[in-house]
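Student: I would like a close look at a single helix of this model and at what surrounds it. Please treat the part in one connected account.

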Amino acid sequence: MRKFLTTALFLACTGGGSVQASKAGVSLDDHTKSLASVLLQKKWIHGSADCESNTDPAIEVFRYDQSSYVLRQNKCTSFEAPFIYVLFGDEKVLVLDTGANERALDFPLYKTVQSLIKENSPQGGKTEKELLVMHSHSHSDHHKGDSQFEGKPNVTLVKPNGRAVRQFFAFSQWPDEEAHIELGGRNLTIIPTPGHQEEAISIYDPQTQWLLTGDTLYPGYIYVKDWNEYTKSIARLVLFTNTREVSAVLGAHIEMTDEAGEYYAIGTTFQPNEAPLSLSSGNLAALHSAFEKSDTPRKIIFDEFIVAPMNIFQKSISNVARWLIQ
Ligand SMILES: [Zn+2]
Ligand SMILES: [Zn+2]
C-alpha cells in the first residue's frame, strides 16, 4: 500500500496550498475496473542491486487484454527503463516508443513485437499487419530502438522530430487541435501536449480507456522545459478527460517509490519498492488545479509525482539533442 506524507509536510512541499484531486471523467464498467485494478497492482521487473547477476528478460511483456500490451525495458539495460505500449487493431499495430537501447542483441524489441503479432494472429490467418511505430516525444530514451524497425517490411515509422510528427498527423494548428489514427476498429485520439518536450503528444485509446501520456505525466520526477506550454497541455488533457472514460493515465517511466512524494535518484538501477505505473484523471485535475492557483514555474510535489522546471543547463542540453534529430 502507498504510504502518505503528513499533511504538514505535504503543504510545505507544495508551497502552502493543499491540492485536492477533483472528480474528473465518467464512470467505468465493472470489466474495465477489474482490468485497471490488475494493472494498478502490477509489480514490474525493477532491476537489481547487482546488474551482473540480473536474470530478468531484457523486455517484460504484460498482456493487459487480448490486443493491448505494456512492455517494460529492464533497468539493467538502461536505468531509464521506459515503458512501451503495443496496441492491435484489425489492420494496424501501434508501437508507441522504441526504448532506450539500439542494439537488438541487448534489447530485442522488434523480435518481441513480432512474437506478439504471431500470438495475436488467428491460426492460419493473416500475420502481416502494418506496424505503425511512433513516439510519445523525441527524447532519446524513447526512440533508440527505431533502427530495429527501419527498412523492415510493413513498417511505417514516424521520425521523432517536429516536422515528421506534424506532417504525419496533418496538424495545421499544433498544439490546438486533435488528430486521429485508425488501427482498424480502434480509433485513437492524438492530443498535442508540449511542455516536457516540444514534440510531446498524448494518446487516448477508447478500447482500454487508457490515456498514454509519455513523459508529460508519469509517477516520477517530471522536468518541464516550457512551463507555459505545459500548463496549457495539462488544461487540454483535463478538458479531454472530463468527457471520456479513463481507466488509467499511463506514462513512460516509474521513478517514485511507494512512499508518498519520494523518488529514486536519477541513474538508479534497482527500484524494489517502486510506485504503481497507473495514475488517474484525478491526478491530472490536481495538477491543473495547482496551476490555476499559480502559474509561476516552481517545483510541485504530489504524493504520486513531482513536476519541476528545467534549469538553463538542462534546457541547453535538450535543445542540442533536439537539433540533432531534426
Ligand atoms: Zn522525456
Ligand atoms: Zn523519458
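Tutor: Helix α6 has S281, N283, L284, A285, A286, L287 and A290 as buried residues, where buried describes a residue with 20 or more other C-beta atoms within 10 Å of its own, exposed one with 12 or fewer, and partly exposed one in between, the C-beta atoms being placed from the backbone. The model is predicted: local features need pLDDT of at least 70 and side-chain atom pairs count only at pLDDT 80 or more, while totals for chains, interfaces and linings use all residues. Residues are numbered from 1 along each chain as its sequence is written, and chains are lettered from A and ligands numbered from 1 in the order in which they are written. Helices (H or I, at least four residues) and strands (E, at least two) are DSSP runs, numbered from the N terminus.

The 13 residues of α6 should span 18 Å at 1.5 Å a residue, and the end C-alpha atoms are 19 Å apart, so the two values agree. The expected span is 1.5 Å times one less than the number of residues.

The buried residues of α6 pack against α5, β12 (248-251), β13 (278-279), β14 and β15; contact here requires C-beta atoms, placed from the backbone, within 7 Å.

Of these neighbours, take helix α5 next. Helix α5 covers residues 227-241, 15 residues in number, and reaches 21 Å from its first C-alpha to its last, close to the 21 Å expected. Its buried residues are Y230, T231, S233, I234, L237, V238, F240 and T241. Their cover includes α6 (281-293), together with β8 (187-192), β9 (201-205), β10 (210-214) and β11 (221-224).

The strands β14 and β15 also belong to a sheet. Three strands form this open sheet, in the order β11-β15-β14, with mixed pairing. β11 and β14 (300-301) stand at the edges with a single partner strand each, so one side of each has no neighbour in the sheet. Two strands count as paired if DSSP finds at least two bridges between them. Strands of a sheet pair through backbone hydrogen bonds, either parallel or antiparallel. Between β14 and β15 (residues 306-309) the sense is antiparallel, over two bridges, and I300 stands opposite V307 in β15.

To put the pieces together: β14 and β15 pack against the buried residues of α6, and β11 is among the elements covering the buried residues of α5. β11, β15 and β14 are the strands of the open sheet.

Terms used: Contact = placed C-beta atoms within 7 Å.
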